[in-house]
Amino acid sequence: MPPLLSRALSRPPNRSRDWAAVHYLPEALIALALVRFGLLIFGLSRVRSLGLPVVLRRPSMPLDPARLARAVRAGSRLVPFASCLTQAQAAQILLARHGIASTVCLGVRATATGELAAHAWLLAGGRMLLGGGTRELAAFRQLAKLGPTC
């Protein structure tokens with residue numbers, strides 16, 4: 001396996017690699033790159049209108065949302081400046097294209113210096129897929145929920 005791909009799929013020493021997520025990695029890399037470029041040039045609303053399908057379709061084959069999210073996290077290490085918003089939006093687009101509804105949540109919190117820090121996370125089927133655990137997110141005040149359609 002190429003070192004760059006191995007690094008992208010690496011996990012902390014106490015966890016094993018999820019090789020099944022490799023299946024979703026090419027799709028995740030393309031989505032991350034397109035969303036990152038789109039956010040830079042067009043902004044969030046235009047990226048969502050271009051990327052999300054108007055109607056969720058029935059999945060043609062089973063998709064594991066957790067593995068897709070893992071591939072998006074791995075791919076984000078290879079795409080420059082793939083922020084939490086880039087990751088959450090790319091994963092939401094991929095899930096929607098496979099017929100799975102999800103919600104991108106946007107929130108803010110005050111830092112120790114009094115500045116505001118923004119964060120985005122992704123929920124699907126009542127589960128947190130991207131963006132951290134419930135403990136980390138408890139500090140954020142949720143400002144918006146963006147569903148699968150515009």
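This is a predicted model: local features need pLDDT of at least 70, side-chain atom pairs count only at pLDDT 80 or more; totals for chains, interfaces and linings use all residues.
Biologist: Is Thr 86 buried or exposed?

Modeller: Thr 86 has a relative accessible area of 0%. Buried means under 20%, so Thr 86 is buried.

Biologist: Which residues is Thr 86 in contact with, leaving aside its neighbours within four places in sequence?

Modeller: The contacts of Thr 86 beyond those neighbours are Leu 32, Val 35, Arg 36, Leu 39 and Phe 81.

Biologist: How are two packed helices described?

Modeller: One gives the angle between their axes and the distance between the axes. Here the axes of α2 (residues 25-41) and α5 come within 9 Å and cross at roughly 125°. The two helices are therefore oblique to each other, and α2 passes α5 in a right-handed crossing.

Biologist: Which residues of α2 and α5 meet?

Modeller: From α2 come Glu 27, Ala 28, Ala 31, Leu 32, Val 35, Arg 36 and Leu 39; from α5 come Leu 85, Thr 86, Gln 87, Gln 89, Ala 90, Ile 93 and Leu 94. By class, this contact has nine nonpolar, three polar and two charged residues.

Biologist: Is Phe 81 buried or exposed?

Modeller: Exposed means over 50% relative accessible area. Phe 81 has 71%, so Phe 81 is exposed.

How values were computed. Residues are numbered from 1 along each chain as its sequence is written. Side-chain values use heavy atoms; hydrogens and water are left out. Buried means under 20% relative accessible area, exposed over 50%, partly exposed in between (1.4 Å probe, protein chains only). Axes are lines fitted to C-alpha atoms, for helices over the stretch in contact, and angles run from 0 to 180 degrees between N-to-C directions. Helices (H or I, at least four residues) and strands (E, at least two) are DSSP runs, numbered from the N terminus. Angles under 35 degrees count as roughly parallel, over 145 as roughly antiparallel, 65 to 115 as roughly perpendicular and the rest as oblique. A crossing is left-handed if the near helix is turned anticlockwise from the far one by less than a right angle, and right-handed if clockwise. Contact means heavy atoms within 4.5 Å. Ala, Val, Leu, Ile, Met, Phe, Trp, Tyr, Cys and Pro count as nonpolar, Asp, Glu, Lys and Arg as charged, and the others, Gly among them, as polar.
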